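Hi everyone, thanks for coming. Let me put the structure up on the screen, and then we can walk through it together.

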Amino acid sequence: MTNLKAEKQTSYIGRFAPSPTGPLHFGSLVAALASFLDARSNKGLWLVRLEDLDPPREQSGASNLILDQLLSLGLEWDNDVLFQSTRLNAYQSALNKLSQKSSTYKCDCTRTSIKERGSIYDGYCRTKDEAPRNNFAIRIKTSNRKIHFQDKIRGNFKQDVKKEVGDFIVLRKDKLFAYHLAVVVDDEYQGISHV
């Protein structure tokens, strides 16, 4: 697949990005239809990306089943389907850049230990004297800064990521790239303007 930003100039590029963990359920089909119709009504592109980055959760044949479901409903996408499993080098490159900027750190906290300290990750490993050597995830350092954007349905959305979410994982302990990293890298790559 080529970079669509260079291929076609359009102010609207939308996407539908299911995980191949089984057939699409009703909620996913509604999301697909809504994003498809929004793209078409805005004379934009509609792309399909399969988020196949979690092999333990994926079901054999689910990718083809999902694509068949979309086509059977007349939801035809523009350009090739992007499989995230083909983009591992891009995710590693992004992770390397973040690490070089000291925007990441290693974390060996368990879900249980995080839950004992509160509902939001408190950055416990960020301040450790020595980084873990084995069985660690990589987290992004968040800052006390509000982000905001205008949502078509919900209006002005604001969030302080550090306060409301905490430092989040970009590479899991099992060394699989997290959705939080991959989705941003791929949205930029595909020039996604609307989700």
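Let's begin with a definition: Ala, Val, Leu, Ile, Met, Phe, Trp, Tyr, Cys and Pro count as nonpolar, Asp, Glu, Lys and Arg as charged, and the others, Gly among them, as polar. Please keep in mind that this is a predicted model, where local features need pLDDT of at least 70, side-chain atom pairs count only at pLDDT 80 or more, and totals for chains, interfaces and linings use all residues. Residues are numbered from 1 along each chain as its sequence is written, and side-chain values use heavy atoms, with hydrogens and water left out.

How does the lining of the second largest pocket divide into nonpolar, polar and charged residues? There are 11 nonpolar, 3 polar and 5 charged. Among the 19 lining residues, Arg-111, Ile-114, Arg-139, Ile-169 and Arg-172 lie nearest the centre of this pocket.

The lining of the largest pocket divides into 24 nonpolar, 15 polar and 9 charged residues. By pocket I mean, on a 1 Å grid over the protein atoms alone, an open set of points where a 1.4 Å probe fits, with protein on both sides within 12 Å along at least five of seven lines; lining residues have an atom within 4 Å of a point.

Now look at Asp-80. Asp-80 and Leu-47 are 33 residues apart in sequence, and 7.9 Å apart in space, C-alpha to C-alpha.
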